[in-house]
Amino acid sequence: CIWLGQKFPNEDFFYVCGNDGSQTHAWVKYKNMIIDITADQFAGCSEEVLIIESKKSPLHKKFKVEDMPVKKDFADVKYQPDNYIYRILVSKKDSVT
């Protein structure tokens, strides 16, 4: 979320954390999409970076969101992401409505 906020400063990204009763999981919400770089830890998800419409993700529906998503100011944070993840996100950004 930090990197996305820096790379695309005119866009709103939200950090979301949920709990399914036995574990927590976090992802980023962008418009009506979920961006999840750790979804492949769950059975049934083999994508290294999952970008999916929020209402179409059964994985994320099972988590009760613990906190309201909050946009943060990332202007002072210095973070260098993995180039592979960057290429995937940039290639899919224009398909998000």
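**Pairs, bridges and a hairpin**

In this predicted model, the count of aromatic pairs comes to 4.

User: What kind of aromatic pair do Phe8 and Phe13 form?

Analyst: Their ring centres sit 6.3 Å apart, with 45° between the planes. Planes under 30 degrees apart would count as stacked and over 60 as edge-to-face, so the rest are called tilted. That makes Phe8 and Phe13 tilted.

User: How many bridges pair β1 with β2?

Analyst: Strand β1 covers residues 13-19 and strand β2 covers 24-30, and they run antiparallel. They make a hairpin with 4 residues between them, and Gly21 in that turn has a positive phi of about 100°. Asn19 has Thr24 as its bridge partner in β2. Over the β1 and β2 pairing, the number of bridges is 7.

User: Which residue of β5 is the bridge partner of Asn19?

Analyst: β1 also runs antiparallel to β5, residues 64-65, with 2 bridges joining them. In β5, the partner of Asn19 is Lys64.

User: Which residue meets Asp20 in a salt bridge?

Analyst: Asp20 lies in the loop between β1 and β2, and its partner lies in the loop between α2 and β5, 42 residues apart. The N to O distance is 3.8 Å, and a salt bridge needs that gap to be within 4 Å. The residue on the other end is Lys62.

User: Are Asp20 and Lys62 buried, exposed or partly exposed?

Analyst: Buried means under 20% and exposed means over 50%, with partly exposed in between. Asp20 is at 26% relative accessibility, and Lys62 is at 45%. So Asp20 and Lys62 both count as partly exposed.

User: What separates the C-alpha atoms of Lys62 and Gly21?

Analyst: Leaving aside neighbours within four places in sequence, Lys62 is in contact with Asn19, Asp20 and Gln23. Lys62 and Gly21 are 41 residues apart along the chain, and their C-alpha atoms are separated by 9.5 Å.

User: Which residues are linked with Glu53 in a network of salt bridges?

Analyst: Glu53 is partly exposed, with a relative accessible area of 22%. The side chains of Glu53 and Lys55 meet at 3.7 Å, N to O, while the closest N and O atoms of Glu53 and Lys56 are 3.6 Å apart. Lys55 is exposed at 58%, and Lys56 is exposed at 54%. The residues linked with Glu53 are Lys55 and Lys56.

Technical notes. Residues are numbered from 1 along each chain as its sequence is written. This is a predicted model: local features need pLDDT of at least 70, side-chain atom pairs count only at pLDDT 80 or more; totals for chains, interfaces and linings use all residues. Side-chain values use heavy atoms; hydrogens and water are left out. Two strands pair if DSSP finds at least two bridges between them. Contact means heavy atoms within 4.5 Å. Rings of Phe, Tyr and Trp (its six-membered ring) pair if their centres lie within 6.5 Å; planes under 30 degrees apart count as stacked, over 60 as edge-to-face and the rest as tilted. Buried means under 20% relative accessible area, exposed over 50%, partly exposed in between (1.4 Å probe, protein chains only).
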